[in-house]
Amino acid sequence: MAKAKKTAVKAASKTATKKDNFGGLNSKVVIQMLDLMIKSRVLEERLIKIYRAGESFFWIGGPGEEAWGVPLGMLARVGKGLDFDFMHLHYRCAPTVLAMGVSMLDSIRLMTNRATDPSTGGRNFSNHYAFPDMNIAPVTSPLEVQYPIACGTAHAQKRHGKKSISVVTGGDAGTAEAEFASALILSSRKGKELPVLITVQNNKWGISTHYDGQHGENEIADRARGFNIKSRVINGNDPIETYLAIEEDMAYIRKTGKPAFIEAHVSRLYGHSSASGANQEKNEVDPVKDFEKRVTKSGLLKESDVKAIWEKYEDEGIKALEQARTEPVPTADSIWDNTYVGSENADWRKF
Ligand SMILES: Cc1ncc(C[n+]2csc(CCOP(=O)(O)OP(=O)(O)O)c2C)c(N)n1
Ligand SMILES: [Mg+2]
């Protein structure tokens with residue numbers, strides 16, 4: 001564990017290697033990116049093992065979206081309140097929340113339904129995070145509701161005037177929902193544009209329905225272009241291309257107060273969820289393995305350094321699970337906590 005850290009710091013003192021300049025990014029950023037991508041993969045594979053061992057009921061998550069999600073989390077301005085960015089994420093966002101500073105332990109607490117889970121008190125699925133102190137809005141199971149909600153926080157941020165932005169993520173199939181169209185309209189009205197980064201992670205699947213045959217537009221990004229939103233398609237399996245695109249678009253949104261749109265092509269590496277078996281897909285690009293090869297080929301890290309990173313996080317994941325196992329599950333008397341019951345809005349008859 002200590003060895004991997006030391007190696008990373010030593011390599012970070014270089015600015016780039018001769019063989020690969022990684023889009024001009026500092027080598028410290030490149031190494032941090034690979035480190036977090038591996039961390040995310042190890043966590044997700046741990047969550048799948050937890051499901052298989054019968055220690056949880058359901059798994060859904062983000063293996064295959066690391067090259068997209070990690071740069072996004074690294075570039076977010078993390079904090080609480082309107083001075084900082086708001087994140088409206090979907091259920092494949094583990095890479096992003098880990099890059100923002102969420103721990104493996106808190107993810108495993110959610111997966112194993114512990115009362116100590118800070119997101120939901122042990123009452124929701126894996127990867128349904130909520131971290132108010134980091135402006136990470138609750139991940140919802142109903143697809144796409146996060147899109148117009150992101151316009152709401154963006155509206156408040158615009159009025160606040162501190163150049164913070166809202167970010168929203170979601171899948172390709174979900175764009176069929178009306179809320180997606182609403183967000184394009186709400187964010188782009190002339191003179192009232194909103195500082196929101198609208199994104200779609202296109203893995204070409206909605207559970208078992210393929211992308212082909214479901215879209216009249218040539219690419220999802222075309223729909224944003226129809227509303228004069230700055231829009232592009234990127235290879236979301238390439239973390240360097242992704243980092244540079246998000247960095248540029250975030251700067252544009254902060255400067256102009258206007259929206260931007262990114263369609264990122266990504267992999268779905270373990271199928272939709274545990275409902276479809278959570279088995280590894282052999283025909284999908286593995287962004288973590290690809291980037292690992294690129295980094296070692298460049299000479300920035302040795303294969304042994306990368307192996308040490310995997311081992312470090314395997315160790316962390318196992319220790320986190322052992323810790324979560326010792327913690328209590330929610331009790332029946334907390335069933336109404338954090339619901340409308342008992343609050344001022346509890347009785348609809350009084351509305
Ligand atoms: C409003 C709504 N309709 C249907 C579902 C059931 N459902 C859950 S995930 C999913 C597929 C979503 O596909 P996509 O938006 O492409 O995201 P991906 O899972 O591929 O990342 C569906 C239909 C839901 N959760 N919410
Ligand atoms: Mg999809």
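Predicted model: local features only at pLDDT ≥ 70, side-chain atom pairs only at ≥ 80, totals over all residues.
**Overall build**

The secondary structure of the chain consists of eleven helices and seven strands. The C-alpha trace spans about 65 × 50 × 45 Å along its principal axes. For 351 residues, a compact globule would have a radius of gyration near 20 Å, and the chain, with 20 Å, agrees with that. Buried residues make up 48% of the 351 in the chain. Of the contacts in the chain with a separation of 6 or more, 74% are between residues 24 or more positions apart.

**Helix pairs**

| Helix pair | Axes come within | Crossing angle |
|---|---|---|
| Helix 3 (residues 66–75) and helix 9 (residues 239–256) | 9 Å | roughly 40° |
| Helix 5 (residues 104–111) and helix 11 (residues 303–325) | 9 Å | roughly 50° |
| Helix 6 (residues 146–160) and helix 7 (residues 178–188) | 7 Å | roughly 25° |

Helix 3 and helix 9 are oblique to each other, and their crossing is right-handed. On the helix 3 side the contact is made by Ala67, Trp68, Val70, Pro71, Leu72 and Leu75, which meet Pro239, Thr242, Tyr243, Ile246, Glu247 and Met250 in helix 9. By class, the residues of this contact between helix 3 and helix 9 are ten nonpolar, one polar and one charged.

The axes of helix 5 and helix 11 cross at roughly 50°. That angle makes helix 5 oblique to helix 11, and helix 5 passes helix 11 in a right-handed crossing. Helix 5 contributes Met104, Leu105, Ile108 and Arg109, while helix 11 contributes Glu316, Gly317, Ala320, Leu321, Gln323 and Ala324. Six nonpolar, two polar and two charged residues form the contact of helix 5 with helix 11.

Tyr147, Pro148, Ala150, Cys151 and Ala154 in helix 6 meet Glu179, Phe180, Ser182, Ala183, Leu186 and Ser187 in helix 7. The contact of helix 6 with helix 7 has eight nonpolar residues, two polar ones and one charged one.

An α-helix has 3.6 residues a turn, so residues three or four places apart point the same way.

The buried residues of helix 7 are Phe180, Ala183, Leu184, Leu186, Ser187 and Ser188. These buried residues pack against helix 6, strand 3 (196–202) and helix 8 (221–225).

Glu179 also lies in helix 7. With 19 C-beta neighbours inside 10 Å, Glu179 counts as partly exposed, because a residue needs 20 or more to be buried. Apart from its neighbours within four places in sequence, Glu179 is in contact with Glu144, Val145, Tyr147 and Pro148. The C-alpha atoms of Glu179 and Val42, 137 residues apart along the chain, are separated by 33 Å.

**Leu34 in helix 2**

Leu34 lies in helix 2 (residues 27–52). Leu34 is buried, with 26 other C-beta atoms within 10 Å. Not counting residues up to four places away in sequence, Leu34 touches Phe291, Glu292 and Val295. Leu34 and Glu66 are 32 residues apart along the chain, and their C-alpha atoms are separated by 9.2 Å.

**Two loop residues with positive phi**

Asn113 has a phi near 55°, a positive value in a residue other than glycine. Its place is the loop between helix 5 and helix 6. Asn113 is buried, with 20 other C-beta atoms within 10 Å; the cut-off for a buried residue is 20 or more.

Ala278 is not a glycine either, yet has a positive phi of about 55°. Ala278 sits in the loop between strand 7 (260–265) and helix 10 (287–298). With 23 other C-beta atoms within 10 Å, Ala278 is buried.

Terms used
Residues numbered from 1 in each chain as written. Chains lettered and ligands numbered in written order. Helix = DSSP H or I, 4+ residues; strand = E, 2+ residues; numbered from the N terminus. Rg over C-alpha atoms; globule rule 2.2 N^0.38 Å. Buried ≥ 20, exposed ≤ 12 C-beta atoms within 10 Å, placed from the backbone. Contact = placed C-beta atoms within 7 Å. Axes fitted to C-alpha atoms, helices over the stretch in contact; angles between N-to-C directions. Parallel < 35°, antiparallel > 145°, perpendicular 65-115°, else oblique. Left-handed = near helix turned anticlockwise from the far one by under 90°. Nonpolar A, V, L, I, M, F, W, Y, C, P; charged D, E, K, R; others polar.
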